[in-house]
Each structure stands twice: as C-alpha cells, then as structure tokens.
Amino acid sequence: MAEGSLKERPKERDPFGDKSFPCFVLNPSCSLKYIEYPCIYDKERDNLFRINEDTLNFLMKHQSIPKSSVTSPEMEKFLRFLFSEGLLLNSRKKVRERKFLVEEKYRPAIPSLRYLLVHLTLRCNLRCRHCYADASPQNSTDIPFSMINSIFNQMEEMQGLIVLLSGGEPLCYPHFWKMNDILPSYNLRFEILSNGTMINKNAAKRLNVHHVQVSIDGMEKSHDFMRGRGSFKKAIEGIENLIGADMEVSVSTMIHKKNVNEFDDIERMIEGYGINQWIINQPSVFGRWKDNSRLSVSLETAADIMRRYSRARGPHESKTNFTCGSHICTVLTDGKVFPCPFLNENDMLMGTIRDTGLRKAWKNRKGISIADLEECSSCEFLEKCRGGCRFRAKEYGNVCGRDPVVCSVYNKSLNKLNVNIKKK
C-alpha cells in the first residue's frame, strides 16, 4: 500500500479548462475513512492519503463540486491538488452522495483494523503438502453465506481497507460467484489468495476483486511435487488469464528442498509476466506440513532466499508499538475471530462474528507490544523487523521471543543470538 499525504505534483492538464465538464466528483474508487487519522482510500490503486479534519468534513458535504462555485484562489488550488492525485474526477453531472461511516461512533480502537483475512472454505481442488489449513477436495467446511454480508458490513463500519479472501481454494466456495456479485457495493478492496488452477478466461473476466495472489512453489517439477501433477501448468494458465483480463497479480512462494535452487528461474518467469510483487516465506510446522517438515530447508538458507528475492511486505507489517499483525485479524470458517490462522488456540480467541461482532472482537485482541520482546530489546533492527512472526517465535519456544528466520534475514547469525532456540 502506498501511504502519503496530499501534495502538489506537476500539472498534467488544466482541470478547469474543459467547460463540457461543469463539476468535480469524488472518484468512485475512493472512500473517506477514519483510521488513526482521517484519510481518503483508493481501493483500485491501494493508495491511502492522509488528510485533515477540515478536508474530511468538506468532502463529506461536497462529493459533487460545481466549478462555477469555486471563486477563491485557495479553493481552486486545493481542488487542483485533489484532481492531480486522482481523488476528484471531471464530470458532466453531479453524483449521488455516498454514505461514509466516519462519525465518532464508528471510529475504531487503536491500532486500527485495516486488513481482514477471511477463510471462506476448507474445500480445495488440490491437496498440497504444506497446507496449514489441511484443506482438501473432501473437506466441505464452508463459512455460511448468511455471514458474508455481516462480515463485510462490519469491516466497512470499522473503517477497514482490505479483505483477503482465502481458503482452502476460494473459488471452491459453493457461494463464490454469488459473493463476487456483491463485492463492488462495498467501500473495501478485495484480494484473493488462490492456487490459480480454477481461473479460466471466463472466471478471470468475471472476478470483481482488485488483486489475485497466485501460489507458485517452484518450476514445474517441484511445484507439482508440492501441489499435485499438472497444477503448475494450470496455475500459469490462471496467471495468463488474469493478466489478459487486466487483473493485478502477485505471486507467493513457499521455500522447500525441491525448489531451493530454482529462484533465479522463478524470478525470470514472473518478471516475464510483468509481475513485481513476490511474497516468499518458509512453511510453518502446522497443518499438513507436520508430516512433510523433512522438506524444510535450514533457517539460514530460507533467510538468504527471502532477503535476495522477496518483493513485498504484505498486510502483517506493523506501524505502531505492536508486533507482527497489528492491523490484521482472521475469521475462520466457523466465524471465530483470531489474530491469525496459526494463533488459533482458545486463549487467543477474540470473539465470533455472530455473538461478539467484529468491533468487540478487535477490542479483545491480545496484542504483543514491542516492549514485550525482552530478547529483542537491544537489537539494532527491532524497528525494522518489529520482532518478526509471533507464531514462528512460538514454534521455537517463546511467543515473546525471537523469530529466528527474521533474525537471519537481517543478517544476525543464529550462533550469535546467545539464546537456546529449541523447536518444539
């Protein structure tokens, strides 16, 4: 996400010059939000612009602005700023004003909930060796469709920005296309985390989401080893279909022994498709990977690959005094809300969509602050890494301890950590 403030850019054209467009209107892809501060969020470009209270109030009252009403140089300059950022558009007529839930009663607890990971289903057309959800063609666990509207409405009321639709395979969700039809009605950005194999040309064109992340776990032989014969070619076809439909695409890759020497090849392949976001990680010993962890590589090897090839930060980053995931939580298929799909023990339960509601669940969140990371207190990289992944730290013995993978990413040799790291 690009985050910034409104500032003047070189003038491309005079927004006041064309008299056939008598007014400015708020860009339909933009919405007014109030997170830790008032802002404009562009869900198409995933851009967040910080504004002041006066600008927020003005745009709440003036979503259509007749150019004839602009009489002061200050107002003209202000509108030029908004127009140059794509937040205002030229229009031949006024638009119907939209309701933005930015009043005091809707403002979220701090840190704000910006990202919501929703597990639609545990159905999947594949049976991957590293699936943390243990999804499979035989698993028919689904989130009730009656809960979908409630989740999206509650996320919008909480000033949320992005909903990540996951599974299982999201396109295996029995109500997927019915859900797809209602997505444009929300002031939210929707992204899909997919294996790509079910995205034919028709599906790519029908999707009402803004971004699709496709999993590619190696070149053909190693990818198919992890995900099943023929899955690589189908995933690549999915990527090509998405690009052909002008969809924004990223790639996610898990590191394992079969693909450890293929990252140059993967890099060339995704660059050939013009893809510039590449999330790389090491599987956690969770779900089906418990039976396949022999395929794990060393921490140092994983860290070296992540350091050299990763091109995205993802929604788990923190910009406050909290550690990993300070702006995200997860809804599982039964409606339970947890900080993340890995930290899903009863003592981490935040609430449920039906009984507690998302707002109260978020207030119940047991965040781990930077100050709780005593082992990391003297580390020069703490402000950058924010302690790394808390589940991975827990894997190695202490939820408030070090994440040894991220320590290695930041070039801290495990031999110099002066801590007895023992994997459970």
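User: Where does Ser296 sit?
Analyst: Ser296 is placed in the loop between S13 and helix H9 (299–309), where helices (H or I, at least four residues) and strands (E, at least two) are DSSP runs, numbered from the N terminus. This is a predicted model, in which local features need pLDDT of at least 70 and side-chain atom pairs count only at pLDDT 80 or more, while totals for chains, interfaces and linings use all residues. Residues are numbered from 1 along each chain as its sequence is written, and side-chain values use heavy atoms, with hydrogens and water left out.

User: Is Ser296 buried or exposed, and what does it touch?
Analyst: Ser296 counts as buried, at 18% relative accessibility; buried means under 20% relative accessible area, exposed over 50% and partly exposed in between (1.4 Å probe, protein chains only). Not counting residues up to four places away in sequence, Ser296 touches Lys257 and Trp289, with contact meaning heavy atoms within 4.5 Å.

User: S13 came up there, so what sheet is it in?
Analyst: S13 belongs to an open sheet of nine strands with mixed pairing, in the order S13-S12-S11-S10-S9-S8-S14-S15-S16; two strands pair if DSSP finds at least two bridges between them.

User: And which strands are at the edges?
Analyst: Strand S13 (278–281) and strand S16 (351–352) are the edge strands, each with a single partner strand, so one side of each has no neighbour in the sheet. In the case of S16, two bridges join it to strand S15 (residues 336–338), and S15 and S16 run antiparallel. Lys336 has Thr352 in S16 as its bridge partner.

User: What about S4 and S5, how do they go together?
Analyst: Strand S4 (residues 38–42) and strand S5 (residues 47–50) run antiparallel and are joined by four bridges, with Asn47 in S5 as the bridge partner of Asp42. S4 and S5 form a hairpin with four residues between them, and Asp46 in the turn has a positive phi of about 55°.

User: Switching to helices, which residues of H6 are buried?
Analyst: In helix H6 (residues 220–227) the buried residues are Ser222, His223, Asp224, Met226 and Arg227, and the buried residues of H6 pack against strand S11 (211–215) and helix H7 (231–244). Just after H6, Gly228 takes a positive phi of about 115°.

User: How do H6 and H7 pack?
Analyst: H6 and H7 pack at an angle of about 105°, with their axes 8 Å apart; axes are lines fitted to C-alpha atoms, for helices over the stretch in contact, and angles run from 0 to 180 degrees between N-to-C directions. H6 and H7 are therefore roughly perpendicular to each other, on a scale where angles under 35 degrees count as roughly parallel, over 145 as roughly antiparallel, 65 to 115 as roughly perpendicular and the rest as oblique.

User: Which residues meet there?
Analyst: Glu220, His223, Asp224 and Arg227 in H6 meet Ser231, Phe232, Lys233 and Ala235 in H7. The residues of this contact divide into two nonpolar, two polar and four charged, where Ala, Val, Leu, Ile, Met, Phe, Trp, Tyr, Cys and Pro count as nonpolar, Asp, Glu, Lys and Arg as charged, and the others, Gly among them, as polar.

User: And H1 with H2, at what angle do they pack?
Analyst: Helix H1 (residues 53–61) and helix H2 (residues 73–84) pack at an angle of about 85°, with their axes 13 Å apart, which makes H1 roughly perpendicular to H2. Thr55, Phe58 and Leu59 of H1 make the contact with Met75, Phe78, Leu79 and Leu82 of H2, and by class this contact has six nonpolar, one polar and no charged residues.

User: Which residues have the most contacts inside the largest nonpolar core?
Analyst: They are Phe152 and Leu165, in a core of 64 residues; a nonpolar core is a set of buried Ala, Val, Leu, Ile, Met, Phe, Trp, Tyr and Cys residues joined through side-chain atoms within 4.5 Å. A second, separate core of 22 residues includes Phe24, Ile51, Phe58 and Phe83.

User: Last one, where is Leu26?
Analyst: Leu26 is in strand S2 (residues 23–26) and is buried, with a relative accessible area of 5%. Leaving aside neighbours within four places in sequence, Leu26 is in contact with Gln63, Leu87, Leu88, Arg98 and Phe100.
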